[in-house]
Amino acid sequence: MQDYDEVTAFLGEWGPFQRLIFFLLSASIIPNGFNGMSVVFLAGTPEHRCRVPDTANLSSVWRNHSLPLQLQDGREVPHSCRRYRLATIVNFSALGLEPGRDVDLEQLEQEGCLDGWEFNQDIYLSTIVTEWRLVCEDDWKTPLTTSLFFVGVLLGSFVSGQLSDRFGRKTILFSTMAVQTGFSFLQFFSINWEMFTILFVIVGMGQISNYVVAFILGTEILGKSVRIIFSTLGVCTFFAVGYMLLPLFAYFIRDWRMLLLALTLPGVLCFPLWWFIPESPRWLISQRRFREAEVIIQKAAKMNNVAAPVVVFDPVEELTPLKQQKVFILDLFKTRNIGIITIMSLLLWMLTSVGYFALSLNTPNLHGDAYLNCFFSALIEVPAYITAWLLLRTLPRRYVIAGVLFLGGGVLLLIQLVPADYNFLSIGLAMLGKFGITSAFSMLYVFTAELYPTLVRNMAVGVTSMASRVGSIIAPYFVYLGAYNRVLPYILMGSLTVLIGIITLFFPESFGMTLPETLEQMQKVKGFRYRKKTKDSMEKEENPKVLITSF
């Protein structure tokens with residue numbers, strides 16, 4: 001079978017056609033940055049305390065002492081979920097007794113916030129937490145909201161891979177854009193937490209599906225040298241741009257409904273891209289639709305002002321090996337070697353995701369300005385992506401991924417040694433940890449796409465990305481643990497990140513290899529990694545391009 005990259009080499013690597021595809025697909029990712037992290041502000045939990053009704057007949061002294069104190073970050077603050085029994089302190093106030101002098105406050109009976117809560121509006125005017133009172137006995141709903149969004153992302157990761165392998169990259173790309181934008185708009189009209197959360201699940205499905213399919217479409221259209229730039233400086237950096245714009249929007253729009261509306265509308269601007277983004281020629285060939293692939297390549301040649309052969313793809317030569325290729329999800333476990341690679345990929349994606357999303361979701365809990373912390377958390381991703389691109393250009397994949405994971409996990413483990421008063425140092429280490437984990441996360445798309453052949457590539461990226469969403473579903477509860485122990489989330493995240501860094505060293509290498517087109521080519525790549533080559537296997541080697549050098 002002809003090699004796709006060799007057949008289309010006459011187009012060049014970086015002509016007007018490639019630049020257009022690079023920019024448009026990257027720009028389509030910006031709304032994902034909005035929606036992926038919007039929950040940080042939509043579900044923000046401001047400081048709150050029990051409401052004491054204005055009608056309560058309390059003296060000013062008793063009103064100031066109506067709430068018990070609790071220890072938080074080494075200082076005493078009013079309790080968020082308890083108050084002294086109102087009837088009791090009203091009686092003491094009427095009798096003219098003074099708190100602390102005539103009455104021992106520690107002996108007073110307490111009760112819950114029977115009259116609701118007062119929320120601090122210094123940071124948020126309104127969030128779903130303040131509107132639907134998701135605090136105290138209902139505070140479990142806040143991390144669940146985020147987890148259920150990632151459940152939708154999990155489902156989308158699984159479904160998008162199979163749908164786009166069957167119906168085409170372009171069709172599913174724009175269908176999932178419509179799902180993400182449309183259901184985000186419907187969230188504006190949510191009347192309760194349950195409605196908001198159900199719609200959020202569907203938004204999550206569209207959000208990741210759009211991201212994964214755009215990545216695969218660019219990977220399959222662009223040439224080898226541009227592919228890495230697209231996967232790191234393209235898709236990932238434009239996601240970070242959307243992420244950085246999120247705190248800017250949130251700073252000026254502090255009502256959650258209006259913020260949601262403002263973040264949804266830019267998605268509408270992506271739909272005209274349908275007339276500029278083509279289908280993947282690689283996918284069309286895998287479906288034996290050679291005429292359509294030929295038309296796309298001929299248009300690309302015209303745009304790049306290069307001469308194209310009269311016949312680019314030979315249907316007879318291409319059709320014969322593809323005629324028997326029917327693939328299913330179980331093909332990712334077809335042989336022992338492929339199965340091991342897939343299982344390790346699932347672990348790599350899942351544990352890296354735990355670190356990335358836990359650190360991202362935890363930014364409002366860091367000391368200082370919540371909007372600046374979120375902005376810095378997004379900004380640190382840009383040098384992380386640039387670093388990933390530079391490392392991927394010249395170094396073996398498994399070594400650079402393992403290296404940045406060791407960096408990220410190591411500095412997170414150091415946070416437990418920082419005194420509580422040195423908040424700036426803890427924030428700096430947390431940002432450095434995110435730098436390492438983000439670098440690794442951006443490399444996983446490239447690494448996975450290079451390991452799997454065209455027929456199952458999107459399915460493989462979708463399934464492994466699906467595994468990463470298991471980590472993102474767990475991540476909100478890592479943040480939740482911080483309410484009980486400040487450093488516990490960092491210890492867990494750091495340990496898991498170092499562990500997966502070790503596992504990464506056992507992957508085969510894909511650096512410098514031609515993208516495999518069939519499952520048979522993938523089997524050869526994996527076969528040399530785990531057993532010594534016998535005389536028979538050496539005689540069967542026909543393509544030296546797929547030979548893996550053991551590093």
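## Helices first

A helix here is a DSSP run of H or I that covers at least four residues, with numbering from the N terminus. Serine 184 sits in one of these, namely helix 9, which spans residues 169-187. Keep that residue in mind, as we'll come back to it.

## The whole protein

What you're looking at is a predicted model. The protein has 551 residues, and 55% of them count as buried. Its secondary structure is made up of 24 helices and six strands.

Skip the residues up to four places away in sequence, and serine 184 touches Asn35, Val203, Leu260 and Thr264. Glycine 204 is 20 residues from serine 184 in sequence, and their C-alpha atoms are 9.5 Å apart in space.

Asparagine 35 belongs to helix 3, residues 30-37. Asparagine 35 counts as buried too, because its relative accessibility is 7%. Its side chain makes a polar contact with the side chain of serine 184, at 3.0 Å. If you leave out neighbours within four places in sequence, the contacts of asparagine 35 are Phe149, Gln180, Ser184, Val203 and Gln207.

## Helix 8 and the glycine after it

Helix 8 runs over residues 141-167, which makes 27 residues. From first C-alpha to last, helix 8 reaches 37 Å, close to the 39 Å expected at 1.5 Å a residue. Just after helix 8 comes glycine 168, with a positive phi of about 110 degrees.

If you follow a helix with your eye, here's a handy rule: an α-helix has 3.6 residues a turn, so residues three or four places apart point the same way.

## Two disulfides

A disulfide is a covalent bond between the sulfur atoms of two cysteines. How many disulfides are there? The count comes to two. One of them joins cysteine 50 to cysteine 113, with an S to S distance of 1.8 Å. The angle about its S-S bond is -60 degrees, and the link is left-handed. This pair links distant parts of the chain, 63 residues apart: cysteine 50 is in strand 1 (residues 48-50), while cysteine 113 is in the loop between strand 5 (110-111) and strand 6 (117-119). Cysteine 50 and cysteine 113 are both buried.

Cysteine 81 and cysteine 136 form a disulfide as well, with their sulfur atoms 2.0 Å apart. This link is left-handed, at -95 degrees about the S-S bond. Its two ends are 55 residues apart in distant parts of the chain: cysteine 81 in the loop between strand 3 (75-78) and strand 4 (83-84), and cysteine 136 in the loop between helix 7 (128-132) and helix 8. Cysteine 81 and cysteine 136 are both buried. Count the bonded cysteines along the chain and the pattern reads 1-3, 2-4. As for cysteine 374, its relative accessible area is 0%, so this residue is buried.

## Aromatic rings

The structure holds 25 aromatic pairs. One of them brings together phenylalanine 196 and tryptophan 256: the ring centres are 5.5 Å apart and the planes meet at 85 degrees, so the pair is edge-to-face. Phenylalanine 196 is in helix 10 (residues 193-221) and tryptophan 256 in helix 12 (residues 256-264), so this pair links distant parts of the chain, 60 residues apart. Phenylalanine 196 and tryptophan 256 are both buried.

Tyrosine 356 and phenylalanine 441 make another edge-to-face pair, with 5.3 Å centre to centre and 70 degrees between the planes. Tyrosine 356 is in helix 16 (residues 336-361) and phenylalanine 441 is in helix 20 (residues 423-451), so this pair ties together parts 85 residues apart in sequence. Tyrosine 356 and phenylalanine 441 are both buried. Ring pairs also build a cluster, whose members include Trp132, Phe149, Phe196, Trp256, Tyr356 and Phe441.

Methods:
Residues numbered from 1 in each chain as written. Predicted model: local features only at pLDDT ≥ 70, side-chain atom pairs only at ≥ 80, totals over all residues. Heavy atoms only, no water. Buried < 20%, exposed > 50% of the residue type's maximum accessible area, 1.4 Å probe, protein only. Polar contact = N/O pair within 3.5 Å; in protein donor to acceptor, adjacent residues only side chain to side chain. Contact = heavy atoms within 4.5 Å. Expected span 1.5 Å × (residues − 1). Disulfide = S-S within 2.5 Å. Phe/Tyr/Trp six-rings, centres within 6.5 Å; stacked < 30°, edge-to-face > 60°.
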